[in-house]
Amino acid sequence: MPANLKRSLSLPLVTFYGIGTILGAGIYVLVGKVAGFAGMFTPFAFLLASLLAALSAFSYAELSARFPKSAGEAVYVQEGLGWRKLSIIVGVSIVFAGIISVATLVHGFVGYFQVFVDVPAVVVIISLTLLMGLVVAWGINESVIIASLMTLLEIGGLVLIIWVARENFSLLPERWPEMIPSLEMAAWGGIVAGSFIAFYAFIGCEDIVNVAEEVRNPRRNLPRAIVIALVVTSLFYFFVAVVSILTLAPVELARTDAPLAEIYQHVTGQRPLVITIISLVSVLNGALIQIIMASRVLYGMSRQGWLPPRLGQVNATTRTPLLATWLVTGLVLLFALWLPLVSLAKLTSYVILLVFTLINLSLWQIKIRAPQPEDIRTVPMWVPIIGFFFSGAFVIYQTIMVLIAG
């Protein structure tokens, strides 16, 4: 009898899984890049991105309770729109976005690691990627416990930055007007561009659904974990964005690949060894969880009969899909050695927003057919409708910007 995935993740573990992948995905790496576009409106850009993510997160919460399966997005589109080819495209897109996300985080790891030790980037990229592949192959419980411990450390790192720069909050009453955008289109161009990159920092809450077959009581625990993870990370992002631009000018933040280490050194006058180590752990955590997610999507799509059966095989000892895990690891290496940081983040955000558009549309159609299923907490109909239009609008805007630039 073929082995199945191990259902062992509790609500706290799956919540830390979500918080870890969201925190690791952005604030330690991209706050400076967002500041380069949005300037003093950086906190507003993060707020706009969080609202966009929240709409889709609530849609994911309901869908995860209705259909608690691996390869969640592909299943949701199949259930909502009934188009098998589109479902496969969505599933592959999620895997692709996860792979690009890990490659982005590996770049971020290199930036922080070279603050600490001067090692060629290619050596760091190869060594780190193979190490993460080994951990994910080891087992889901082991992987998520390790990720949860790293999540606690990365939360501590954000608290440390807010604490050491806390005196700058006294400038807030004086400088708050600089952070509130006017209605001029020039300002909003930078805000939207910054929000598009900041949105990448919220990628992760949707990843929770792809470990559905390894979560205890998924119909109850998955929606709760999604909401808790998004609320916690949104609060941290906003406060860190505020303290960042109160501490350093946006142009200074934009110049560095290790923005929080730069803030720590600027405020304390000390080498940022502690925050650098925490930043390394945070980025590593986000990347580790993305590899778990991408391998589980490949597994889930294989089990649905949409990909070759070998990708759905589970090792009887580790209870993990080994072939899917190593395929994802190999592709991460390819992209990490190929594309630069901001290009990777923009590409990931674009793909995820396309998927969010389809996910919201799918829930919209599902709610029309079955508005109130038994024993499931649902969201109002306007949530997927607004989520569909807002996500679609961001996709159209970014497409136009690329065409103009090209």
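Let's start with lysine 367, which sits in helix H15, the stretch covering residues 341-369. Keep in mind that this is a predicted model. Is lysine 367 buried or exposed? Its relative accessibility is 5%, and buried means under 20%, so lysine 367 counts as buried. Leaving aside residues up to four places away in sequence, the neighbours that lysine 367 touches are Glu62, Arg66, Thr378, Val379, Pro380, Met381 and Pro384.

Now have a look at the pockets. The largest pocket has a volume of about 310 Å³. Which residues lie nearest its centre? They are Arg219, Arg220, Pro223, Arg224 and Arg377, out of 14 residues that line the largest pocket. Two helices, H3 (42-66) and H10 (218-247), each supply at least two residues of that lining. H10 gives the most, with five residues. Sorted by class, the lining of the largest pocket comes out as seven nonpolar, one polar and six charged residues.

Next comes the second largest pocket, with a volume of about 220 Å³. Among the 15 residues lining the second largest pocket, those closest to its centre are Ser50, Leu230, Val231, Ser234 and Leu235. Once again you'll meet H3 and H10, the elements that give two or more residues to the lining of the second largest pocket. H10 has the largest share here, with eight residues. What classes make up this lining? There are 13 nonpolar residues, two polar ones and no charged ones.

Finally, let's turn to a pair of helices. Two packed helices are described by the angle between their axes and the distance between the axes. For helix H7 (residues 140-164) and helix H13 (residues 273-303), the axes come within 8 Å and cross at roughly 145°. The crossing of H7 and H13 is left-handed. On the H7 side, the residues making the contact include Ile140, Ile146, Met150, Leu153, Glu154, Gly157 and Ile161. From H13, the contributors include Val274, Ile278, Ser282, Asn285, Leu288, Ile292 and Arg296. Taken by class, the residues of this contact between H7 and H13 divide into 15 nonpolar, five polar and two charged.

Methods
Residues numbered from 1 in each chain as written. Predicted model: local features only at pLDDT ≥ 70, side-chain atom pairs only at ≥ 80, totals over all residues. Heavy atoms only, no water. Axes fitted to C-alpha atoms, helices over the stretch in contact; angles between N-to-C directions. Helix = DSSP H or I, 4+ residues; strand = E, 2+ residues; numbered from the N terminus. Left-handed = near helix turned anticlockwise from the far one by under 90°. Contact = heavy atoms within 4.5 Å. Nonpolar A, V, L, I, M, F, W, Y, C, P; charged D, E, K, R; others polar. 1 Å grid on protein atoms, 1.4 Å probe; cavity = no way out; pocket = protein on both sides within 12 Å on 5 of 7 lines; lining within 4 Å. Points joined across faces, edges and corners; volume = space filled by probe spheres on them. Buried < 20%, exposed > 50% of the residue type's maximum accessible area, 1.4 Å probe, protein only.
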